[in-house]
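I opened this notebook to record, entry by entry, what I looked up in one structure. The model is shown first.

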Amino acid sequence: MLLSRHGWVGALIAMFVAIMLVSPASAQTTAPVQTAWRLLDYVAVDYPEAVKGGQIVSPTEYAEMTEFSASARERITSLASSSAKADLARRATALERLIAAKAPAEAVGTAARSLAADLIAAYPVPLAPAVAPNYPRGQALFNQNCASCHATTGDGKGPKSVGLDPPPIAFIDKARARERSTFAFYQVLEQGIDGTSMESFADRPLQDRWDLALYAGTFAFPASKVAEGERIWKSDAALRNRINMEKLVGMTPAALAANIGEERADAVIAYLRRNPSVVVPQVSGTLTVARARLNEAVTAYAKGDRKGATNLALSAYLDGFEPVEPVLSARDNALMVRIEGAMGALRAAIANGTSPTTVRDQTRALDTLFGEAETVLAPEQASGASSFFGAFTILLREGLEALLIVVAMLAFLRKADRSDVMPYVHGGWVAALVAGAATWAVATYAVEISGASRELTEGFGSVFAALVLLWVGIWMHGKSNADAWQRYIREKLTTELNARSAWFLFVLSFVVVYREVFETILFYAAIWTQGNGGAVLAGAGSAIAILAVIAGVMMRYSRMLPIGKFFAYSSALMALLAVVLIGKGVSALQEAGYLPVNPLDGFPRIEILGLYPTTEGVAAQAVMIALLAFGFGLNRRTTNKEAKA
């Protein structure tokens, strides 16, 4: 068949799979940064148990402090180059010297904490869960996995604690608990503690680790203080504005006590760690994250840290704006496009070394746009009409692309009288729907799908489909001559449409449909939380009805077309979709930070055509058009030669 005789198709699939498994370079930095942070946190908390009054009171603890500080320095010096790295390494060495000199606990704690804070600022890593931890589930997980050593009371005297050296941590130790953040507990669960019985929980779902971390931090802050903590929280607007999810899991009770007093802090911590969802803002609240990241990017850029500024600007988009993009697109698509374009332009300005003043001005303009978005995203703006329109348009737009490709494959197989292969195509799109449902379940109940993962899935899926459609379009164009098709039928179809080719049709059907399903379900998950569930379902139902009509018309019309026209029209359709998908793929990879962004001022943006105003996107589509033109031209010359012969 058309696909089996070209070995490069198999190579293309292998390349696609390999690309999908590649992690961004930033992911290689995350683990050392988190490990170094955890080690510094332990030094800050545990050093007082090792040294008092300039004397070693626990040789074991002191040896651990020496080892941890050295290990933290080694990890910091191994990090990627940045303007902050040299200073961080110098301070890590200074911390080692303080410990070697048996310096006072206050000096060591201050040095370790400030170094940890600046490390995270210089090398940003995820510091908070995307979904609020679940206290009851954390309790259940703790009793199942941790109580045997730490005991259900958290006093560290569980049945398996006997003989352990060092002994399990006593979570009820209030002095120690005041110096330990939820993020610190999370880091221990993720990486374990070398030389102890505390093993890594990295094989457990991400959300399980956050649930456990939150619960472990409640033992020293009893439930009897919850009512008082709730009263303080609800009556103090300034406090509510100051604490979001990142602050809740990142701050220590001692840090909060420095601002509001120890008794009030203990009560607030007791309440918030049992009710973390109260700090989660409405959907527009993630724009606060975007603002914060952009401000940090401006600061880093002004200091000459272009790489750090680039990472922060990318985080502002992926972690701050991308989560609200679906809902904003449904309510005010023009505003969404303006913000998306402005954020891309800002990243380009940073990458191109634009003056800090210009970068600051662009950030201020974005702040104004965020204000407009917050107004549009306000809960009172969630009307039934906007929910219906959003659900209808996203499903119709995304579904149409996949539908056109799948129906074209089915129509071709029917023209070729190979209905026995149709189940492979049907199996592909059905499997994509099942995988989409699984994705929704995983994203809802297990892990949070990051903005980068969403963009990469869409980007690589689009590029893969575009490359395949390039070949298919040229092949179909070559068979638009009836004589050529008849020769192909006689000579090759019966032998080349084998099992391998049939499974390739399954893969193609799966990829093109799953790409659309993936984006659609994430949009629906976002818009569903805004209420108006009936309107969302009505919009989805209407879109499905129209797609069904389009599919029926295409199948019926293709049956009536002469074979030559069928292949001519189908090749044109495949060519158009290849151009559209390569444009969308490049745009998604740019948004994920995999490709550079160089805006084209004044160039139109036509999403339905995959046309985005960037040099890279337009160039990719131009190359695709050139390849299609070359292939079609080659087909015509071959046909003319055969006609003369």
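**Basis.** I am working with a predicted model, in which local features need pLDDT of at least 70 and side-chain atom pairs count only at pLDDT 80 or more, while totals for chains, interfaces and linings use all residues. Residues are numbered from 1 along each chain as its sequence is written, and side-chain values use heavy atoms, with hydrogens and water left out.

**Whole chain.** I looked up the secondary structure and found 28 helices and two strands. Helices (H or I, at least four residues) and strands (E, at least two) are DSSP runs, numbered from the N terminus. The chain has 645 residues, and 50% of them count as buried. Here buried means under 20% relative accessible area, exposed means over 50%, and partly exposed lies in between, with a 1.4 Å probe and protein chains only. I then turned to contacts, meaning heavy atoms within 4.5 Å. Among contacts in the chain with a separation of 6 or more, 75% join residues 24 or more positions apart.

**Cysteines.** How many disulfides does a search of the whole structure find? It finds zero, a disulfide being a pair of cysteine sulfur atoms within 2.5 Å. Cys149 is in no disulfide, and its nearest cysteine sulfur, that of Cys146, is 8.5 Å away.

**Helices α3 and α4.** The axes of α3 (residues 59-77) and α4 (residues 85-100) come within 9 Å and cross at roughly 170 degrees. That makes the two helices, α3 and α4, roughly antiparallel. For these entries, axes are lines fitted to C-alpha atoms, for helices over the stretch in contact, and angles run from 0 to 180 degrees between N-to-C directions. Angles under 35 degrees count as roughly parallel, over 145 as roughly antiparallel, 65 to 115 as roughly perpendicular and the rest as oblique. The crossing of α3 and α4 is left-handed, a term for the near helix being turned anticlockwise from the far one by less than a right angle; clockwise gives right-handed. The residues that meet include Tyr62, Met65 and Arg73 in α3, and Leu88, Glu96 and Ile99 in α4.

**Helices α17 and α19.** I found α17 (residues 306-321) packed on α19 (residues 333-351) at an angle of about 165 degrees, with their axes 9 Å apart. The helices α17 and α19 are therefore roughly antiparallel, and α17 passes α19 in a left-handed crossing. Among the residues that meet are Arg306, Leu314 and Phe321 in α17, with Met336, Met343 and Ile350 in α19.

**Helices α6 and α10.** How do these two lie relative to each other, and at what angle do their axes cross? The axes of α6 (residues 135-145) and α10 (residues 206-216) come within 8 Å and cross at roughly 90 degrees. The two helices, α6 and α10, are therefore roughly perpendicular. The contact includes Tyr135, Leu141 and Phe142 of α6 and Asp208, Leu212 and Tyr215 of α10.

**Residues in helices.** Arg293 lies in α16 (residues 286-302). Is Arg293 buried or exposed? At 14% relative accessibility, Arg293 counts as buried. Leaving aside neighbours within four places in sequence, Arg293 is in contact with Glu246, Leu312, Ser315 and Ala316. Ile550 belongs to α26 (residues 533-560) and is partly exposed, at 25% relative accessibility. With neighbours within four places in sequence left aside, Ile550 is in contact with Leu400 and Leu403. Ile550 and Leu403 are 147 residues apart in sequence, yet 8.6 Å apart in space, C-alpha to C-alpha.

**Residues in loops.** Lys102, in the loop between α4 and α5 (105-122), has a positive phi of about 55 degrees although it is not a glycine. Lys102 is partly exposed, at 29%. Ala151, in the loop between α7 (147-150) and α8 (174-177), is not a glycine either, and its phi is positive, about 75 degrees. Ala151 is buried, at 11% relative accessibility.
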